[in-house]
Amino acid sequence: MRLALTEAALAARGGDVPVGAVVLAPDGVTVLAAGHNEREAGGDPTAHAEVLALRRAAAETGEWRLTGCTLVVTLEPCTMCAGALVQSRVDRVVYGARDDKAGAAGSLWDVVRDRRLNHRPEVIEGVLADECAGLLTEFFRTR
């Protein structure tokens, strides 16, 4: 999560919402890829930290299926990102701060654990939650 927080800080420096993500290899230690929100920098509404990290991890492995991998992200994934997590077949999602307004991994929706889908990753929430939420609070306070 500390690496994801570092990524989130990069997003804030670029004027974007401070969300950062990393994809860990099946060994749970090796970082395959990282990303942070780049919507403002690239003018791309899909440039969420999770999507960028998943794309980079797939490029790194040469495989779109990220079976065995873990995505660590500072903020609970939205519906778009939750869908991408299911499609990429990651085994687990670890997030810091809950997103009661747009979260799709247990708070507002629970896309990642929907029984109708063919893949349901494990969800671990609340890792360094206060620190993750603090970055977001500070960012929006200055706006």
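**From the opening helix to the strand beside it**

Mentor: In helix H1 (residues 2–13), the 12 residues should span 16 Å at 1.5 Å a residue, and the end C-alpha atoms are 17 Å apart, which agrees; the expected span is 1.5 Å times one less than the number of residues. This is a predicted model, in which local features need a pLDDT of at least 70 and side-chain atom pairs count only at pLDDT 80 or more, while totals for chains, interfaces and linings use all residues. Residues are numbered from 1 along each chain as its sequence is written, and side-chain values use heavy atoms, with hydrogens and water left out. Helices (H or I, at least four residues) and strands (E, at least two) are DSSP runs, numbered from the N terminus.

The buried residues of H1 are Ala4, Leu5, Glu7, Ala8 and Ala11. They cover an arc of only 160° around the axis, which puts them on the same side of H1; the arc is taken from the directions from the helix axis to the C-beta atoms. Buried means under 20% relative accessible area, exposed over 50%, and partly exposed in between (1.4 Å probe, protein chains only).

The part to examine closely is strand S1 (residues 20–24). In S1, 5 of the 5 residues are buried, so this strand is largely enclosed by the rest of the structure. The burial involves both faces, with Gly20, Val22 and Leu24 on one side and Ala21 and Val23 on the other.

Strand S2 (residues 31–36) runs antiparallel to S1, and 5 bridges join the two; strands pair if DSSP finds at least two bridges between them. Within this pairing, alanine 21 has glycine 35 of S2 as its bridge partner, and leucine 24 has valine 31 of S2. The hairpin that S1 and S2 form has 6 residues between the strands, and there glycine 28 takes a positive phi near 75°.

S1 is also joined to S3 by 4 bridges, again with the strands running antiparallel. Leucine 24, whose partner in S2 is valine 31, stands opposite threonine 70 in S3. Valine 72 lies in strand S3 (residues 70–75) and, at 6% relative accessibility, counts as buried. This valine 72 and glycine 20 are 52 residues apart in sequence, yet their C-alpha atoms are 8.3 Å apart in space.

Most residues other than glycine have a negative phi. Arginine 89, although not a glycine, has a positive phi of about 65°, and its place is in the loop between helix H4 (79–88) and strand S4 (92–97). Leucine 128, likewise a residue other than glycine, has a positive phi near 50°. The loop that holds leucine 128 runs between strand S5 (122–125) and H5, and at 30% relative accessibility leucine 128 counts as partly exposed.

To return to the part you asked about, S1 has S2 as an antiparallel partner through 5 bridges and S3 as an antiparallel partner through 4 bridges, while residues on both of its faces are buried.
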